[in-house]
Amino acid sequence: MTTQYNEQALEALIEKHLTGYSLEERAHTTLSEPEVTYLAGMGYYSGAPADFDKKYALDTHRFWDFLEKTQAQELDKLKVHSDWQLRILERFDRKVKKDGILKLLKKGLEVDNAYLHLFYEAPSASSAQSVRDNFNANQFSVTRQVRYSAVNPGEEIDMVLFVNGIPLCTIELKNPWTGQTAAVQGIHQYKNRDERQTLLQFGRCLVHFVVDTDEVYMTTKLQGSDTVFLPFNKGNNFGKGNPVNPNGHKTAYLWEEIFSREVWAQIIQHYMLLEGDDKEPLSKKYYIFPRYHQLDVVRRLVADVQQNGVGKTYLIQHSAGSGKSHSITWTAFRLIELEQDGRPMFDSVVVVTDRKVLDRQLRENIKQFSEVKNIIAPAYSSGDLRQALESGKRIIVTTIQKFPFILDEIDDMAQRRFAVIIDEAHSSQGGIAAGKMNQVLGALEVNEEGEIDAQELILRAMHARKMRRNASYFAFTATPKGSTLERFGERQPDGSFKPFHLYSMKQAIEEGFILDVLANYTTYRSYYQLYKSIEDNPEFNTRRAQRILKAFVERDPRTIQAKAQIMLDHFIGQVYNKKLLKGKAKAMVVTQNIVSAIRYYQALKQLLQERGNPFKILIAFSGTKTVDGIEYTESSVNGFPDSDTKEVFDRDEYRILVVANKYLTGFDQPKLTAMYIDKKLQGVLCVQALSRLNRSAPKLGKKTENLFILDFANDTNDIKAAFDPFYTSTSLSAATDVNVLHDLKDELDESGIYEWSEVEDFNQKFFTNASADELSPIIDTAAQRFNEGLELDEDTKADIKVKAKHFVKVYGQVSSILEFDNLRWEQLFWFLKFLIPKMVVRRREDEILDELLDSVDLSTYGIERTRLNERIGLDASEATLDPANANPRSAHVVDEKAALDEIIKQFNERWFADWEATPEDKRQFFYTFLDKIQQHPDFEHKYKNNPDAHTRELAYEKIVEQVVYELRRLHLDFARKWTDEHFKQDFKASTQRAIGGW
């Protein structure tokens with residue numbers, strides 16, 4: 001028999017794996033009991049194309065055989081009618097058109113006084129034998145070359161999989177060896193199928209696959225040319241596609257794993273969802289079929305919990321675009337179903353998130369999965385949380401802010417078992433760093449808007465309690481830090497830590513679920529010229545002075561005005577006027593701080609007014625800020641409550657949002673297509689901020705080439721360094737070296753700022769809930785000793801305080817994963833957390849530097865574009881983070897001082913370095929240019945006194961171009977004349993006379 005390499009060969013291979021024999025083998029074999037024999041593979045029957053009914057889209061042979069063998073008594077109720085089969089088929093047809101096949105598979109079919117199961121669900125661990133027998137009675141089958149069309153009888157689909165005669169999926173096969181691929185020809189073929197035919201109508205089967213030997217794609221709804229196919233691939237080398245399979249085709253996982261009877265049952269019972277408004281007809285809705293990585297992560301988590309029991313931690317590194325909301329929903333529902341020794345493995349599953357959409361999604365999805373109502377409860381207050389846990393609600397949704405209190409309640413319910421799913425969608429959470437939170441966790445670092453890092457909050461909270469083994473933790477994040485990997489990751493034999501499951505940013509981009517925000521990156525460099533505005537020449541710390549001077553220049557209104565002009569010109573010219581995203585594209589301006597945000601908002605507002613206000617802008621920031629003596633809040637600037645900002649910004653008339661910290665993380669607005677950055681961004685915050693642009697919007701035609709980033713503050717190398725660790729897989733090279741805690745404790749003990757008896761006394765009182773006025777004298781005594789009593793110089797104080805803070809930081813990171821207890825470390829940790837805020841270090845340098853800004857002024861400012869629409873290429877290899885540096889930084893920084901003249905000279909050389917002219921030349925050129933503009937004959941009436949913003953702008957652009965041309969011509973004329981020896985001699989003589997005259 002000649003070996004085949006075409007689609008038919010792939011068909012035969014899949015059929016043989018499912019049934020035990022292929023059609024080709026059966027043609028050369030005599031089988032006495034065909035139906036039983038064909039069950040030798042994965043338990044599938046081999047169907048006959050002639051048994052397919054085009055009108056009802058059923059394999060009628062399997063359909064009636066299943067009902068007769070499993071529910072004869074129910075059928076007998078209907079057989080009193082001569083047309084009993086037609087009654088069932090017509091009732092089935094009406095229900096499928098109304099509700100879709102998924103609901104019928106799960107709920108069954110009522111016909112007159114009979115109830116018919118159309119599918120028996122898979123048993124759980126504690127299910128009775130009858131449930132197991134019923135599941136085994138399901139008849140899975142595969143039919144090749146199914147003629148489905150009533151209009152074109154010869155049209156065939158390569159394969160259809162059925163359960164009890166009801167179609168589960170259709171499959172179109174291609175083979176790259178014959179020049180046909182799933183991604184091109186396969187998808188094209190489906191898009192040109194007649195979706196009006198019953199089998200291809202939405203809701204008649206669960207999913208449609210296109211498959212070749214390398215890749216798999218899927219869709220749940222055929223809509224002609226508008227059909228959207230999604231990859232259903234495992235991923236390869238952290239990107240798209242599939243890895244080499246040493247035992248066969250790359251896509252063999254589809255028929256060897258996904259098409260098993262058990263996995264189909266799981267998909268039907270626990271994964272597939274019907275999305276859409278309940279009031280809308282079925283045709284307006286769509287099915288959610290899990291992507292491969294979603295199915296894989298939930299199945300792996302469930303298997304690991306079943307094998308290892310309660311008490312482990314899991315880190316799931318899933319990129320934006322991975323569908324984390326659905327993955328979390330499916331994980332929560334599967335976990336509450338797990339059983340051990342006849343009882344649930346988890347009494348409750350607590351989902352910790354700050355995304356209200358996830359709360360809503362959980363409620364709606366659980367309704368489709370569970371027969372039991374009201375098993376999910378929101379808990380946004382401590383009282384609600386306690387009540388939900390005590391009453392045994394199966395799934396509880398709460399916020400990141402409540403995480404420390406969740407741990408308290410779990411600790412108090414040691415006899416019960418919990419699963420805690422942490423949705424770390426936002427890196428920072430506003431308004432949770434004060435009051436009770438700090439009492440529980442100690443002082444947490446906050447940014448200007450009162451936001452803290454969620455990963456730090458979770459780790460500190462877990463440290464703050466002695467963790468019991470009655471809870472498992474499942475942390476979902478796209479950007480795990482080293483400390484998060486160490487706490488939640490899987491320890492490898494070599495001592496490193498890796499996530500339990502990975503869906504990388506690289507794979508999400510290559511598969512088209514998110515866009516590559518680094519594909520069009522433009523950077524600008526600022527040029528500054530300062531001059532000294534006082535006669536004195538005082539000395540300042542050089543390094544710190546340079547930093548302060550740069551900040552001074554960047555917040556100057558002239559600087560902000562110049563950058564705002566570039567931002568607005570770009571947005572209007574490249575985004576707004578080009579009607580990107582069907583005229584709905586938006587932008588975000590990211591500023592250094594709230595004051596800068598307010599100044600940028602004002603500058604942009606003024607520029608927009610000059611142009612006739614073609615659209616509106618908004619600002620977002622937390623709290624209250626006073627600028628130039630005026631108090632501002634987000635609501636007072638925008639004119640409506642803060643809570644409405646997201647909704648209002650979604651309206652078409654609002655196009656630009658100005659922010660400092662708020663909305664840099666967790667803000668999901670698919671219409672964002674441009675970002676203008678004037679803020680230093682590093683690490684996780686950089687990735688999360690820029691990722692605001694990566695949301696795909698297929699209905700608006702959003703593509704990677706529509707994305708623009710103009711960056712005034714960061715170099716492309718810095719952006720690459722921030723993104724590289726999270727582009728593929730992130731791991732931690734080793735655990736934190738805890739021995740440094742011994743050294744730090746020894747040095748702090750020797751400093752004399754506390755007696756050990758004070759440390760013990762504080763801890764004894766603190767952990768017996770002593771009042772604050774009992775704790776204060778102990779801390780105040782040590783603080784007084786540090787601040788005054790020991791007469792320490794300021795450098796020594798700084799060194800001690802740095803070591804104290806470093807001890808708290810390192811112990812806070814490793815304490816919850818230490819394999820041993822060290823009571824003295826624990827006691828010193830709590831003592832120092834309360835002492836550090838009262839340790840005062842004063843430096844004269846800080847006071848002197850305040851005088852610096854009164855001594856300088858800005859004389860010249862310019863901006864040059866340094867990179868245009870550059871694609872920042874990321875490292876596709878696995879990223880490895882190093883553990884936190886166990887050694888504290890030195891507090892003794894060498895104070896290199898220089899005179900103010902020298903500091904200004906160095907500053908100007910650095911920031912005006914790329915102009916090949918002296919500072920005075922540049923300044924003179926700038927003012928010459930200004931004079932030429934103002935002397936232009938059109939300046940007064942076409943620009944300065946022109947009330948029409950649009951023609952005014954056009955006039956100015958023309959004036960500038962003419963001035964540039966004139967100056968360029970003058971320089972060329974001079975260079976040309978210089979070749980004339982008579983001109984050269986005359987010019988030299990004239991200059992000598994002028995110089996001599998001085």
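Me: In which loop is Asn164 found?

Reply: Asn164 is found in the loop between strand E7 (156-163) and strand E8 (166-173), where strands (E, at least two residues) and helices (H or I, at least four) are DSSP runs numbered from the N terminus. This is a predicted model, in which local features need pLDDT of at least 70 and side-chain atom pairs count only at pLDDT 80 or more, while totals for chains, interfaces and linings use all residues. Residues are numbered from 1 along each chain as its sequence is written, and side-chain values use heavy atoms, with hydrogens and water left out.

Me: And what is phi there, at Asn164?

Reply: Phi of Asn164 is near 55°, which is a positive value in a residue other than glycine. Asp112, in the loop between strand E4 (109-111) and strand E5 (114-116), also has a phi near 55°.

Me: Asn164, buried or exposed? And Asp112, buried or exposed?

Reply: Asn164 is buried, with a relative accessible area of 0%, whereas Asp112 is exposed at 52%; buried means under 20% relative accessible area, exposed over 50% and partly exposed in between, with a 1.4 Å probe and protein chains only.

Me: Switching to the core, how many residues are in the largest nonpolar one?

Reply: The largest nonpolar core has 96 residues, and those with the most contacts inside it are Phe209, Phe232, Leu254, Phe259, Trp264 and Phe474. Its largest share, 7 residues, comes from helix H12 (residues 292-308). A core here is a set of buried Ala, Val, Leu, Ile, Met, Phe, Trp, Tyr and Cys residues joined through side-chain atoms within 4.5 Å. Apart from this core lies another, of 43 residues, including Met505, Leu515, Ala620 and Met675.

Me: What is Ala620 in contact with, leaving aside its neighbours within four places in sequence?

Reply: Ala620, whose place is in strand E30 (residues 616-620), is in contact with Glu634, Leu657, Val658, Val659, Ala660, Lys662 and Tyr663 once those neighbours are left aside, contact meaning heavy atoms within 4.5 Å. The C-alpha atoms of Ala620 and Ala660 are separated by 7.6 Å, although the two residues are 40 apart along the chain. Ala620 is buried, with a relative accessible area of 0%.

Me: On to helices. Which residues of H29 are buried?

Reply: In H29, the buried residues are Val740, Leu741, Leu744, Lys745, Leu748 and Ser751. They lie on the same side of H29, because they cover an arc of only 130° around the axis, the arc being that of the directions from the helix axis to the C-beta atoms. H29 is followed by Gly752, whose phi is positive, near 85°.

Me: How do H30 and H33 pack?

Reply: Helix H30 (residues 756-766) and helix H33 (residues 823-835) pack at an angle of about 85°, with their axes 9 Å apart. The axes are lines fitted to C-alpha atoms, for helices over the stretch in contact, and angles run from 0 to 180 degrees between N-to-C directions. H30 and H33 are therefore roughly perpendicular to each other, since angles of 65 to 115 degrees count as roughly perpendicular, under 35 as roughly parallel, over 145 as roughly antiparallel and the rest as oblique. Among the residues that meet are Trp756, Phe762 and Phe766 in H30, and Trp830, Phe831 and Phe834 in H33.
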